[in-house]
Each structure stands twice: as C-alpha cells, then as structure tokens.
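Subject: A structure for you to look at

Hi there,

Here is the structure I promised to pass on. Please open it beside this email and follow along as you read.

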Amino acid sequence: MEVRVRYAPSPTGLQHIGGIRTALFNYFFARSSGGKFILRVEDTDRERYSDESLEDLYNTLSWLGIEWDEGPVVGGPYGPYIQSERFDLYKKYAEQLVAEGKAYYCYCSPERLEALRKEQAESKSEYQGYDRHCANLTAEERAELEAQGIKPVIRLRVPTEGKTTFHDILMGDITRRNRDISPDPIILKSDGFPTYHLANVIDDHLMHITHIMRAQEWIPSGPLHVLLYNAFGWEVPLYCHLPMVMGKDGQKLSKRHGSTAVRDFRAKGYLPEAIINYVTLVGWSLDGSTEFFSKEELEKCFRLENIHKSPAVFDYKKLDWFNGQYIRATADDKLAGLIVPYLQDAGFVHDPLSEDEEKLVSKLVPSVKERMKVLSDVVPLTAFIFRDEPVTDKNVYIGKGADLDKTAEALRKGMSILLDGVKAGRSQEDIENDLASLASELGLKVGGVFQPIRVAITNSTVSLPLFDSIDMIGIDETERRLERGLKILEEN
C-alpha cells in the first residue's frame, strides 16, 4: 500500500507554527515511506477566508522547501484540490445518503433551533442538541415546506444506541457512545456548502488518503467521521493524532506566549533550516539524544513510532539557540546576503549596495554571526556603525558594583590605555590585561572598566567585541566617542 498523507489547512489566518508542525510530520512520513504528500485547501469557511491567508500558505511551504506531490498549482489525478471547487461532489454524496435513508432533509429555522437550545439549557435536560424534529417527515410534508421557499439542510442520522470505535496509531482504540456524538449533525448547509466533516471524509476517501495525521484536538471528531465512512461503506484510513503544541505554562500555544505565525518568525530572521529542525523535534525524536537533523536526513529517518503521545512544549529560547547554531554554521558570503535586507530596512545601507557598503557588510559578518540569535539582531548590534546616537543616561555607563565617580575615573584611565595601546600596535591580549589590571587597581570588577568604554564607543551595553567595534569605526572616531563619553560622565 502506497502511503498517501495530506496537509489540509483552512486559509482563515496565517500559518501557525503548530499547523506547520502537522505539515512537516506528514511530509517527512510521506518521504521516509516513499509515499505521496498532498496539499488540500479546505476553504469552505467563506466568512473567514482570505486571499492573504492562502498566499501565506503557499509562501510558507515554499520558504521551508516543502514541495507537495499533488495539490493546488501542481495538480494531480484526484483534483481539484481546493474544496470550493468540489461542491458538486459533496452535494452528490450527501443526497446519496438521503436516498439510502442514512441522512435526511431538515427545515428547522434558526429561530426554532435557538429556542430549542435555550429550552434545553434552562431545563438542564440530559438531552442536549438537535431533537430530530425533521427525521421522519413524509414526502408530502417536505413538499409543503419547500413550497414555502424553505431551503433545507441535510443531516446525518446518528445511531442512538451502541458505540463507535476507531483505532489511533499512537493512542490505541478510542470509543465513544453514539448518544454522545453530536445528534444528527448538519453535513450539507442550505446554501450547498458542505460542513467540515462531510467534505473532509469525502475528500480523504476520493484522494485515497491512507493515514490521517492531525492534532489531538480533532480526536472528538473521529467517531463522527467513522460513522460517515461507515454510512458510505468506505474503508476508514489509519488515524494518528499528533501531540498538542503547548506553551511552557502548559496551555495550548497561542499569541500570549509569543509569535505563533511562521511569517513572524521568518520576518524576525529565523532560518528555515532551524524552524524545520526544531519544530520537528516538538513531539518527535529519533533516539532521545540527537538534536540536529537536516531536511534531507529527516526525509529518510522519520518514523511514526517515534512520535510522542504526551503534549509537546514549544520553547522559544530553545528555538533561539537552534537558530544561533544554524547562523554560525552558515557561510560568511551567504550570511552577508541574508542580513543585507535588515540593514536596508533600518536605513543603514542602500538598495542596491554601493561597493563600499558591500565591503563593510562582508567585514562585519564574522563579528555579528557569533552574537546573533536571529538575523534581525544585526540591526542593534551594528547600529553604532551607521548611526551615532550617544547614550546620555550616566547610569548606563556604570558597571555592577561601581559608582559614578569610579566609572568616570575608569573611563579616563581606560581610554588612555586603550588608545595608546591600539596606536602603538600592541596586541589585543596585552591591552585587555592592562584594562583588567586597572579594574583591580580601582577596586572594580572587570566590567566596571569595560562597560563605560563599550557604551561610549558603541552607544549600547550589548555590542560587537570591543576591538572589532574599534576596527569598524576607526581609531579617530573611537577617540572622539570616548572623549564624549567622559564628558557626559563628568558633567554636573
């Protein structure tokens, strides 16, 4: 049996990191099994649908290098792969169920249904949900209602007795009493639009999907989908409900934890290789210890049995660490090209770069790559090179355990050691040793000397290495900034 899996998002919002985890699991399982990865767009929610969301879906998968074997754009033998282009199919199969007595037309108005819900809630009835008012209408009664211009929905007949069971590869058998399944849910709306359940089951069957890999939040839908498969007389695919993606507080990952849209991660400067690697490890592991995988390696080694059952935590700091590792592994010339857009957006360099700007970018890459967690970090790290905005808050210059007077003395004596040493061609190590000795002499920690020097030169407490910074702006500009910093500290 050829493995056929699908990623079937609804284009009603930007691609969520949890959704992309589902896409990656499906993609890597298909590749490692020699199967097919299908992309299907479930766009039946027209109220929330947006072209921007659809474009974001395509852009995100393209950025990650995830190619689908069948789906929109590329086509395939079981298309169309956009649900809004398949409405005739859904109507045909829904009416087939009506003809077989497995579904029926319902003419209840929204007002009646709302009154029913209110009555059940107020009476705290054990029975909640649709009361099957239209389940046994005669042909004459139906004709009379339709003569009034009422357009019916189609509801599935759900058994009131017994249980429905489906098997999940990770969770085992999952059983639910039929009476607890949504009573006779709508499968085709009065405007001809299918509900998620009908379209999902029909599409998965007609597209020959063998494994349904989706988040565990969809487990409650499993029994209803099985009832639909059984009603059609179709074989039920294998289910594999994936562990939930949680924040560190144990709640489902959401915006309150941080960015969740892949587009935001991309804009901030995360590399696709890092996203693929880390996100795949959120709920999956090969051997419990190996952390770094290339996309090509995952295409070979991914196995369903290595997916975890328990919820998985998305750790933003861990992702930062992964991204930093990938940045440092990137060749300097490639990294230069990656950071240029951030420098251009900040107004530091032109578009296109001048020859001098190209040289400067190449020069700063070895320094910034060791300190960046994300590509956008290049802006605050290098701002002092392109824009001189001195720090006027004296407190920023003061290192831990120091005071204003000691800091001013440290900067006065430290800048002399630094400038004389650089001009004399002394080694970086010798100059740093002398500055450390100065700290000891003044009764300060080393930071008490280095911090005011760094703030004066780079206008920040976080910057490139000291001597790299001096090299970037030149010794004359360095001397000017140090003198300015000392003046700021000595002002009353």
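This is a predicted model: local features need pLDDT of at least 70, side-chain atom pairs count only at pLDDT 80 or more; totals for chains, interfaces and linings use all residues.

Let's begin with helix α19, whose buried residues are L466, F467, S469, I470, M472 and I473. Here "buried" means under 20% relative accessible area, while exposed means over 50% and partly exposed is in between (1.4 Å probe, protein chains only). Helices are DSSP runs of H or I with at least four residues, strands are runs of E with at least two, and both are numbered from the N terminus. The helix spans residues 466–473, and because six of its eight residues are buried, α19 is largely enclosed by the rest of the structure. What does the covering? The cover over the buried residues of α19 includes α13, α14 (378–386), α16 (404–423), α17 (428–442), α18 (447–458) and α20 (475–490). Contact, here and below, means heavy atoms within 4.5 Å.

Residues are numbered from 1 along each chain as its sequence is written, and side-chain values use heavy atoms, with hydrogens and water left out.

Now for the overall layout. The protein chain is divided into domain 1 (4–71 + 246–313), domain 2 (84–242), domain 3 (331–381) and domain 4 (394–490). These bounds come from an automatic or database domain assignment. Taken over C-alpha atoms, the centres of domain 1 and domain 4 are 47 Å apart.

Next, a pair of helices. At what angle do α12 (residues 332–345) and α13 (residues 355–368) pack? The angle is about 100°, and their axes are 9 Å apart. An axis is a line fitted to C-alpha atoms, for helices over the stretch in contact, and angles run from 0 to 180 degrees between N-to-C directions. Angles under 35 degrees count as roughly parallel, over 145 as roughly antiparallel, 65 to 115 as roughly perpendicular and the rest as oblique. So α12 and α13 are roughly perpendicular to each other. On the α12 side the contact is made by D332, L335, A336, I339, V340 and L343, and on the α13 side by V361, L364, V365, P366 and V368. Sorted by class, the contact has ten nonpolar residues, no polar ones and one charged. In that sorting, Ala, Val, Leu, Ile, Met, Phe, Trp, Tyr, Cys and Pro are nonpolar, Asp, Glu, Lys and Arg are charged, and the others, Gly among them, are polar.

The loop between α12 and α13 is worth a visit too. P352 is found there, and a cis peptide bond with omega of about 5° joins D351 to P352. S354 is in the loop between α12 and α13 as well, and at 32% relative accessibility S354 counts as partly exposed. S354 and R117 are 237 residues apart along the chain, and 69 Å separate their C-alpha atoms.

Another cis peptide bond joins G79 and P80, with omega about 0°. P80 lies in the loop between α2 and α3. Q83 is found in the loop between α2 (51–64) and α3 (87–99). Is Q83 buried or exposed? Q83 is buried, with a relative accessible area of 2%. Leaving out residues up to four places away in sequence, Q83 touches R40, V41, E42, D43, T44, Y90, A199, N200 and D203. Q83 and T44 are 39 residues apart in sequence, with 6.5 Å from C-alpha to C-alpha.

Finally, the aromatic rings. Rings of Phe, Tyr and Trp (its six-membered ring) pair if their centres lie within 6.5 Å; planes under 30 degrees apart count as stacked, over 60 as edge-to-face and the rest as tilted. By this rule there are 25 aromatic pairs. Y27 and F28 make an edge-to-face pair, 5.3 Å centre to centre with 65° between the planes. Y27 is buried at 3% relative accessibility, and F28 is buried at 0%. Elsewhere, ring pairs link F265, Y270, Y278, F292, F314, Y316, W321, F322 and Y326 into a cluster.

Enjoy exploring!
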